[in-house]
Amino acid sequence: MALHIPKCLELVDLDQQMTSPAAKVPYYPLVVDKGKGATVTDVDGNQYIDLLASAGAINTGHCHPKVVEAIKKQTEQLILYTPVYMYHRPLIDLSQKLIEITPGNYRKRVFYGLCGSDANDGAIKMARTATKRKKILSFLRAYHGSTYGAISLSAVSLPMRRGLGPLLPEIHHIPYPDTYRTPFAGMSEEDVTAYSIERIKELFTTCVPAEEVAAIFFEPIQGDAGLIVPPTGYVKALRELCDTYGILLISEEVQQGFGRTGKWFGIENFDVIPDAIVMGKAIASGMPLGGVVAKAELMEQWEAPAHLFTAAGNPVCCAAASATIDVIKEENLRENATEIGAYTLSRFKEMQKRFEFIGDVRGIGLSIGVDLVKDRTTKERNTEAAAKVCYQAWQKGLLLSFFSGSVLRIQPPLVISKQQIDTALAKIEEAFEEYEAGAIPDSVLETVKGW
Ligand SMILES: Cc1ncc(COP(=O)(O)O)c(C=O)c1O
């Protein structure tokens, strides 16, 4: 039976008449009314298990009581006095906490912004001023955000660049070490590592002198590219390369940070210490906040107003972020991400044996990608399968999305229970069966676009 969503449809119609299409990647006409933990309810009263966590921004679960309480309390006391001119305690408390939870046994400093995108812009500025070098390396297929600097770092798809240029100069893109869609057939993890590091060295000897490179922006799991997990050897080799040439290694943790991979930050899974960490999304459980924690000396070489925003690090967002960190600690959400994540990964691997169109299952913690293919040998992306399965999952009461044209994105709030994930997995398995039986009509492709 189809979902009953008259109010959703009416509101979506209104929205579509007024808002910019550039700000929407449509999956299905779901108008979210309420959220609690790992579930959301639409304006027609239908409830869903959330496997998307608002694009990985709600690690503590929707409307966590402690986060809500912190926001309420701070809102009644002071909403904003710009930290550009004055000081406030919530920002100082949060800075202490961020410095404590980030890897690296060195003196650190923090700057704040309003989202992941501007945090990346700030990191570019910081890297250039601190190293007095101009060039930056980032990765093909990466998404780093929507401000000019972040777009320039990104290389995920042409629509995000088309017609917007000129973008920032001196940013060069290198291949991410993908052990599933390998550069050449039959490559091992070690081969992919050696090949990908060689590509950087080749740049250094042909067109991008290493001594002119300020930083490498690296996601410890390449998120929007389809949750690609790099080999540990690659991450270590990247660190060594940066050390050799005096290049900053910047861990871009906007999507993977704050417990998502079972650690505070994704890079910790590889036993590598970066020079700076870029944060956003889950930092404040959905309140607009982003920032960078870096080696102190990197932030001691630029002067105001090189990077500041009136409302960045405002008291309410900082209070929400402090509460978020407390909740992740007190409720063992990193441990839950590891446990439920390992279980979920193993269940998808079981399904992979049954369904020929599941090409790859990968991830760390609750950052899991299920890559759907037309053919296991060619690994051609199966966008139709991904779109149909997501549509069907929605009809069954799940928020499921895909990225990179074929990869189901399993990134629920970290508070998700075993029972909820079991329910979700059973529904996805049903959707896989229905797809395999040809029971999901092509007409749903009009609704689910994805990216
Ligand atoms: C890895 C990564 N970096 C940066 C961003 C941009 O964050 P925001 O949308 O908060 O600006 C995103 C958003 O999807 C992301 O996934």
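A: Let us start with helix α4 (residues 89-101), in which Arg89 and Asp93 both lie, 4 residues apart, or about one turn of the helix. Helices (H or I, at least four residues) and strands (E, at least two) are DSSP runs, numbered from the N terminus. This is a predicted model, in which local features need pLDDT of at least 70 and side-chain atom pairs count only at pLDDT 80 or more, while totals for chains, interfaces and linings use all residues. Residues are numbered from 1 along each chain as its sequence is written, and side-chain values use heavy atoms, with hydrogens and water left out.

Q: What does Arg89 form with Asp93?

A: The general idea is the salt bridge, a side-chain nitrogen of Lys or Arg within 4 Å of a carboxyl oxygen of Asp or Glu. Here Arg89 and Asp93 form one, with their closest N and O atoms 3.9 Å apart, and a search of the whole structure finds 27 salt bridges.

Q: Into which domains is the protein divided?

A: Domain bounds come from an automatic or database domain assignment. In this case domain 1 covers 6-60 + 332-446 and domain 2 covers 65-330. Contact, meaning heavy atoms within 4.5 Å, takes 36 residues from domain 1 and 34 residues from domain 2. The C-alpha centres of the two domains lie 26 Å apart.

Q: How is the area buried between domain 1 and domain 2 read?

A: Buried area is the accessible area (1.4 Å probe) that two parts lose on being put together, summed over both. Between domain 1 and domain 2 this is about 2,800 Å², and carbon and sulfur atoms give 50% of that area.

Q: Which polar links are counted between domain 1 and domain 2?

A: A polar contact is a pair of N or O atoms within 3.5 Å; within protein, one must be able to donate a hydrogen and the other to accept it, and residues adjacent in sequence count only if both atoms are side-chain atoms. Between the domains, 19 residue pairs are in polar contact, with both residues at pLDDT 80 or more. Elements that each supply at least two residues of the side of domain 1 that touches domain 2 include α10 (333-354) and β11 (358-364), and β11 gives the most to that side, with 5 residues. The count between domain 1 and domain 2 is 1 salt bridge, and the side chains of Asp371 and Arg181 meet in a salt bridge at 2.7 Å, N to O.

Q: Which residues are closest to the ligand?

A: A residue is near a molecule if one of its heavy atoms lies within 4 Å of it. The ligand is surrounded by 13 residues, the closest being Gly116, Ser117, Glu252, Gln255 and Lys281. A side-chain N or O atom of Ser117 is 2.5 Å from an oxygen atom of the ligand, and one of Glu252 is 2.5 Å from a nitrogen atom of the ligand. For Gln255, a side-chain N or O atom is 2.9 Å from an oxygen atom of the ligand.

Q: Where are the cis peptide bonds that join Gly165 and Pro166, and Ala304 and Pro305?

A: Omega is about 0° for the bond between Gly165 and Pro166, and Pro166 has its place in the loop between α6 (148-153) and β6 (171-174). Omega is also about 0° for the bond between Ala304 and Pro305, and Pro305 is found in the loop between β10 (290-295) and α9 (315-330).
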